[in-house]
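Please read the sequence alongside the three-dimensional model shown here, keeping both in view while the text moves from one region to the next.

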Amino acid sequence: MPQNVRGVVAMKKGEPVSVETVIVPDPGPGEAVVQIQACGVCHTDLHYREGGINDEFPFLLGHEAAGIVESVGEGVTDVAPGDFVILNWRAVDGTCRACRRGEPWYCFSTHNAAQKMTLESGQELSPALGIGAFVEKTLVHSGQCTKVNPAVKPEVAGLLGCGVMAGIGAAINTGGIGRGQSIAVIGCGGVGDAAIAGAKLAGAATIIAIDTDGRKLEWATGFGATHTINAREQDVVEAVQALTDGNGADVVVDAVGRPETFKQAFYARDLAGTAVLVGVPTPDMMLELPLIDVFGRGGSTKSSWYGDCLPSRDFPMLVDLHLQGRLPLEKFVSETIALDGVEAAFEKMHSGDVLRSVVVF
């Protein structure tokens, strides 16, 4: 039988979110119902509320989540009721052109649940990133459930579902940072600090944190930054070069996603280095670079989609590293809140007072 649960919904563009009754159907073929235990408040949820993703209102917000599989539909064999899972928005289909060429982390045809959750009125909801997890229970495709070690705390595990994975993956998977190399990270919010933590895991020797907020630079040091640059006080490119023997960093990650910060990333990298864009720009932003510089500096500029992660490979590994004390995921959790605290969490996000607010059920 369909279930009535409480969830956070963005009804109209730019309006405050509200807690509404959500109707969750029984799982159909290939689907699963997951009882959510924790869900992080991500900037992407705010983008949905502001109409920055699309205009398919109303949205059931939330996507950075972990919980327990309650029930599964016909044909589901990869997860079972009782499994502790992290939800992901890259449910690899295995048959698209990226998967066929052995690059499933680029899967171009990911799965979502076929059925829709609705409001009591019957109006269909659009789940954020195909998940919708600011809700007591949600309906997803079973491929969006990644089973991990249940010893990890839900409020920590859920962060791997989006922001933390995006940052770690930008440094390791997309940027390819390696032992003894140098990396600079522009923007030290949750994603940027995750890139710093990933670089430390990979054995980078020089890890440079760049931001305009002194508090965030202090946080970045706690995740492994060896040097900090306040962009209000120093020229970013010159400062990075000064810390890397005049050469520039091997990898520069732009976790802000603005034309001016990506230009800094482009010029702050070494010759033949790598610039990685993981911060999300708005559709109106334009980038202009001299083409001779693109040619003459060599190397590569890359965008990082979800940290170019493969959830089935990366989530369990990162949970294990956390449980071993090698990845301090708990440092990302600034506060835990109730379901009705999401709107206030958006305001704290604007002011830069938190890395992550996490809804705990």
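Predicted model: local features only at pLDDT ≥ 70, side-chain atom pairs only at ≥ 80, totals over all residues.

Residues are numbered from 1 along each chain as its sequence is written, and side-chain values use heavy atoms, with hydrogens and water left out.

Helix α5 covers residues 190–202; helices (H or I, at least four residues) and strands (E, at least two) are DSSP runs, numbered from the N terminus. The end C-alpha atoms of α5 lie 18 Å apart, in agreement with the 18 Å that its 13 residues should span at 1.5 Å a residue, where the expected span is 1.5 Å times one less than the number of residues. Ten of these 13 residues are buried, so the helix is largely enclosed by the rest of the structure; buried means under 20% relative accessible area, exposed over 50% and partly exposed in between, for a 1.4 Å probe and protein chains only. Among the buried residues are Gly 190, Asp 193, Ile 196 and Ala 202, and the cover over the buried positions includes α4 (163–174), β11 (182–186), β12 (206–211), α6 (214–223) and β14 (249–254). Just after α5, Gly 203 adopts a positive phi of about 90°.

Helix α4, part of that cover, contains Thr 174, which is buried at a relative accessible area of 3%. The side chain of Thr 174 makes a polar contact of 2.7 Å with that of Ser 304, a polar contact being a pair of N or O atoms within 3.5 Å; within protein, one must be able to donate a hydrogen and the other to accept it, and residues adjacent in sequence count only if both atoms are side-chain atoms. Beyond its neighbours within four places in sequence, Thr 174 has contacts (heavy atoms within 4.5 Å) that include Val 276, Lys 302 and Asp 308.

Elsewhere, five strands form an open sheet of mixed pairing in the order β7-β2-β1-β4-β8, with β7 (118–119) and β8 (126–127) as the edge strands, each pairing on one side only. Strands pair if DSSP finds at least two bridges between them; β2 (residues 18–24) and β7 are antiparallel over two bridges, and Ile 23 stands opposite Thr 118 in β7.
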